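Me: I am new to this structure and would like to go through it piece by piece. Could we look at it together?

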Amino acid sequence: MSKEITNRAADYAQWYNDLVLKGQLADYSAVRGCMVIKPYGFALWEKMRDTLDQMFKDTGHENAYFPLFIPKSFLSREAAHVEGFAKECAVVTHYRLKNDPDGNGIIVDPEARLEEELIVRPTSETIIWNTYKTWIQSYRDLPLLINQWANVVRWEMRTRLFLRTTEFLWQEGHTAHANAEEAIAETLQMLDIYADFAENYMALPVIKGVKTASERFAGAVDTYCIEALMQDGKALQAGTSHFLGQNFAKAFDVKFSDKENKLDYVWATSWGVSTRLVGALVMAHSDDDGLILPPKIAPVQVVIIPIYKGSEQKEILDAKGKELTERLKKAGIRVKFDSNDNNRPGWKFAQYELKGVPVRIAMGLRDLENQTVEVARRDTKEKTSLPLEGLPERIEQLLLDIQQQMYQKALDYRQLHITAADHWDEFVRLLDEKGGFIAAHWDGTAETEEVIKDKTKATIRCIPLNNPQEDGVCILSGKPSRERVLFARAY
RNA sequence: CGGGAUGUAGCGCAGCCCGGUAGCGCACUACGUUCGGGACGUAGGGGCCGCAGGUUCGAAUCCUGUCAUCCCGACCA
């Protein structure tokens, strides 16, 4: 049991904060709602970013970069879009400071007011579509497949480390297509990539689905999402992919000539995941001793800790440790040899458990005599003695096993927490006592959705793709329904 | 934006009611002993007590204001 971490069962929110802060992923900053991402946390994000970036490139996308600032007037070009984002925009009004004539430090120079205010981007559709107008003339310019890695700002009322910060890092893909079918195919392709990444790299099972009209992205025709389940039974949207129809093309007048030389507006998609994924990873897998990171995105996959008495033994183990480090590196394993003499082994064990390193190798003279090392896995805490001979291959296999078992564990939990409810009382009781996703019939109206949200704080997370059709009646209104949708309380 | 809390050493806190030499634990520095699950000893260094006014011979402590951060709600990825 950890000395430092709040018990998960006792206070889930505090447990989460402790993991992020004490696992050295991030820190609070001097700026309200903004966090400092520390090297270990950033390494984790880099791992996610690099993996996704390659997946995007493998499907034909290119990276570009658009301005941080957006002219205020751009935002209002698409009606639903401005409606959705207006309440949470940071606005730049001036471009200069000056010394306060009253001698109270420095003030905004009132003479330096901007003619048109600039919005710090909450998302980049508007600036990008304004640009695409000049890039697209013909069907030969399509499809246009662009991604941007950037920071965005959304002035939220309340923030939480990684899950919702005022400024966050993300990627946003913005594509333009010659017809709706192709744009929809792109939207779904990116949803698949997100799901693939979540499940096969983050070991995080997700449900692919489509949002209801009221949960849709501001300006989208359809919003698809991947929904994950956290260990407290709350859902977390881990990624979104939007089919934007011709909304932004019309708002920014982006037309192209087709093969028959007919003019038409282009069809659009946008899709994104953010540093929120780091929060999802923490909440999905960790325990009371700290983080548990899936091997595929753990910055350090294996840590080697030497155990020795006195400097003579230290020298021997340093040499052996370096040798083993090299062997593991050659096998493509991210390994750290911690020969730091300032901390004792027990302290290091606890520390690397806190940081979620998947595999720990401890080696002392006792092991060397037997030509073995002690191998401990973080997820199950299991320890075994393995021969040095052939160790890299064994570790490689072990990392794969851990990855697989972490996914399976999360999947089992998720499956156990999708519950069907056919009556209102049952629905409420499940939400309060069990949590997770509740599969229930819904009459398809925004009004009913709203009432359910007011009464229970549960929202429709999504209508799963390939959802089985089944006649039933709405959990609230009793009106007929053709399929169940997934409700949950969410982050 | 409502409710609650907190600002004192790098971190976590005590001291504040009842004004009088700024303390504890961890971390840090040096030396020594340790090292198979969060070591110990000895000696050290580190402070405008969030900020601004006021009361007082004297303010971390009392009063007024102000700023900031965190937590819980409503809003959202």
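Me: What does Leu328 touch, leaving aside residues up to four places away in sequence?
Reply: In this predicted model, Leu328 touches Val302, Ile304, Ile333, Val335, Ile361, Pro392 and Ile395, with residues up to four places away not counted.

Me: Which helix does Leu328 lie in?
Reply: Leu328 belongs to helix α9, which covers residues 310–330.

Me: Buried or exposed, that Leu328?
Reply: Leu328 is buried, and its relative accessible area is 0%.

Me: How many Å separate the C-alpha atoms of Leu328 and Ala26?
Reply: Those C-alpha atoms are separated by 29 Å, and the two residues are 302 places apart along the chain.

Me: Ile361 was among the residues that Leu328 touches. Which residue is its bridge partner on the β17 side?
Reply: Ile361 of β19 is the bridge partner of Ile304. The strands β17 (residues 302–307) and β19 run parallel and are joined by 6 bridges.

Me: And in β20, what stands opposite Ile361?
Reply: Val375 of β20 stands opposite Ile361. Strand β20 spans residues 372–377 and pairs with β19 in the antiparallel sense, over 4 bridges.

Me: Why is β19 described as largely enclosed?
Reply: 6 of the 6 residues of β19 are buried, so the rest of the structure largely encloses this strand. On one side the buried residues are Val359, Ile361 and Met363, and on the other they are Arg360, Ala362 and Gly364. As a general point, side chains in a regular strand alternate between the two faces of the sheet.

Me: On the RNA side, what share of the atoms within 4 Å of the protein belongs to sugar or phosphate?
Reply: Sugar or phosphate accounts for 43% of the atoms of RNA strand B within 4 Å of the protein, and bases account for the rest.

Me: What lies 3.4 Å from a phosphate oxygen of the RNA?
Reply: That is an N or O atom in the side chain of Tyr28. Gly346 has a backbone N or O atom 3.5 Å from a sugar or linking oxygen of RNA strand B, and a polar backbone atom of Gly364 is 3.5 Å from a base oxygen of RNA strand B.

Me: Which elements give two or more residues to that surface?
Reply: They are α1 (12–22), α10 (345–354), β19 (359–364) and α11 (365–370). Helix α10 gives the most, with 7 residues.

Me: New topic: α14. Which of its residues are buried?
Reply: Helix α14 covers residues 446–456, and its buried residues are Thr448, Glu449, Ile452 and Thr456. Seen down the axis of α14, they fall within an arc of 100°, so they line one face of the helix. In general, an α-helix has 3.6 residues a turn, so residues three or four places apart point the same way.

Me: What do those buried residues of α14 pack against?
Reply: They pack against α13 (424–433), β24 (459–464) and β26 (480–488). The face of α14 turned away from the buried side carries the exposed residues Glu447 and Asp454. After α14 comes Lys457, with a positive phi near 70°.

Me: And β13, why is that one largely enclosed?
Reply: 10 of the 11 residues of β13 (residues 235–245) are buried, so the strand is largely enclosed by the rest of the structure.

Me: Which strands is β13 joined to?
Reply: One is β12 (residues 222–229), which runs antiparallel to β13 and is joined to it by 8 bridges; in this pair Thr223 stands opposite His242. Another is β16 (residues 267–274), also antiparallel to β13, with 5 bridges, and there Phe243 has Thr269 as its bridge partner.

Me: Last one: where is Thr165?
Reply: Thr165 is in the loop between β9 (144–153) and β10 (167–177). Thr165 is buried, with a relative accessible area of 4%, and a polar atom of its side chain lies 2.8 Å from the backbone oxygen of Glu167.

How values were computed. Residues are numbered from 1 along each chain as its sequence is written. Chains are lettered from A and ligands numbered from 1 in the order in which they are written. This is a predicted model: local features need pLDDT of at least 70, side-chain atom pairs count only at pLDDT 80 or more; totals for chains, interfaces and linings use all residues. Side-chain values use heavy atoms; hydrogens and water are left out. A residue is near a molecule or strand if one of its heavy atoms lies within 4 Å of it. A polar contact is a pair of N or O atoms within 3.5 Å; within protein, one must be able to donate a hydrogen and the other to accept it, and residues adjacent in sequence count only if both atoms are side-chain atoms. Buried means under 20% relative accessible area, exposed over 50%, partly exposed in between (1.4 Å probe, protein chains only). The arc is that of the directions from the helix axis to the C-beta atoms. Contact means heavy atoms within 4.5 Å. Two strands pair if DSSP finds at least two bridges between them.
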